[in-house]
Amino acid sequence: MPHQAPAQTRQFADLIGNTPLIYLRGVSEMTGCHIYGKAEFLNPGGSVKDRTALGIVRAAESSGELQPGGTIVEGTAGNTGIGLTLLANSLGYKSVVVMPQSLSKEKIELLDLYGADLRLVKATSYDDPNHYIHTAERLAKELSAKDPNGVVWARQFDNTANRDIHYQTTGAEIWEQTNGKVDGFICAVGTGGTLAGTAMALRERNSDIKIGIADPQGSALFNHYVNGELKAEGRSIAEGIGISFVTGNLEGIDIDMPFQISDAEALPHIFDILRHEGLCLGGSSAVNIAGAVRMAKEMGPGHTLVTILCDYGDRYKSKLYNPVYLEQVDLPVPNWLRV
Ligand code: PMP
């Protein structure tokens, strides 16, 4: 007889979402606002992108595109690949992950360990045909010609199953967890799934809620939302965020408050939070928190703002928390991190 699991046990997919909101004490005291971070690093694959992986896989199953034993191909900055690979393992699919080789070695090692068919490509601009997103699309076509079980390209940038899952889960959870007492939401954009889906869910419940974007340097969205020009300046070491085009997931979403955030402004927040609040966060969380601080200062004291704590810092130990690397890229090194 097949094993009957007791009702209260769970599988990988059931562990995704329902993450807690964490009160960020330092930045709240500094601004006089209540700033909360949604603890997405607690998802089973360790990042906010587990939700995207689940949304895309469930949509592809429902449409019949993804069949038992099928393969999911995706171009990713790593976290979507990690989520998709672990989810694929648990549901009997295979995963092929295309990512730029410049990304953190910790994420590359994890993907290898988890069993992704990993294809590293050179980091190039989006208009290069060998950019990781175009490579993933091409590869999905090539592989599908040979694979009788079918191959699906996840298309997380334009596939709105990505923002839909954030609409259904992340946004709804934030509303419940704040008892509807939320004045603003802000985060950075990789695909825009988190920002768009959460914004849609919150605005549907209260159209006065302000939506902000924390755009890292090297991304074109800040200029786009300020003056309609897709233009990028500078660069950022935060992985998984920053984009040179308006994705399908971002289409139709109005942004009330755009902010451009430098790494030098962002990183001290995660250094302080590690030492004083016990969370070791990744670089995109740093940009998000810096964005929330700017939004709080602009809105004034007394407001409740929510942002996303996308993943954990151990995924970037060799970069964000490495004094030698930080010095090489001219970023501030906290004294306690110096060797
Ligand atoms: N932070 C990290 C660490 C990520 O990997 C990503 C996804 N690329 C994001 C933030 C951005 O999320 P989204 O794709 O929903 O815009």
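Mentor: The model is a predicted one. Around the ligand there are 20 residues, and those that come nearest are Gly190, Thr194, Gly240, Ser284 and Cys310. By type, the shell around the ligand holds 10 polar residues, seven nonpolar ones and three charged ones. Helix α7, which covers residues 193-205, gives the largest share of this shell, with three residues. Two domains take part: domain 1 (12-47 + 169-337) and domain 2 (48-153) each supply at least three residues of the shell around the ligand.

Next comes the annotated stretch. An unreviewed UniProt entry places the feature "domain: Tryptophan synthase beta chain-like PALP" at residues 14-311. In the model, the span 14-311 is 43% helix and 17% strand, and its end C-alpha atoms lie 19 Å apart.

Most residues other than glycine have a negative phi. Asn18, which is not a glycine, has a positive phi near 55°. Asn18 lies in the segment before β1 (21-23). Asn18 counts as exposed because it has 12 C-beta neighbours inside 10 Å, and the cut-off for exposed is 12 or fewer. Asp330, also not a glycine, has a positive phi of about 65°. Asp330 is found in the segment after α11 (323-328). With 8 C-beta neighbours inside 10 Å, Asp330 therefore counts as exposed.

Technical notes
Residues numbered from 1 in each chain as written. Predicted model: local features only at pLDDT ≥ 70, side-chain atom pairs only at ≥ 80, totals over all residues. Near = placed C-beta within 6 Å. Helix = DSSP H or I, 4+ residues; strand = E, 2+ residues; numbered from the N terminus. Nonpolar A, V, L, I, M, F, W, Y, C, P; charged D, E, K, R; others polar. Domains from an automatic or database assignment. UniProt positions renumbered as here; feature names shortened; annotations may be inferred. Buried ≥ 20, exposed ≤ 12 C-beta atoms within 10 Å, placed from the backbone.
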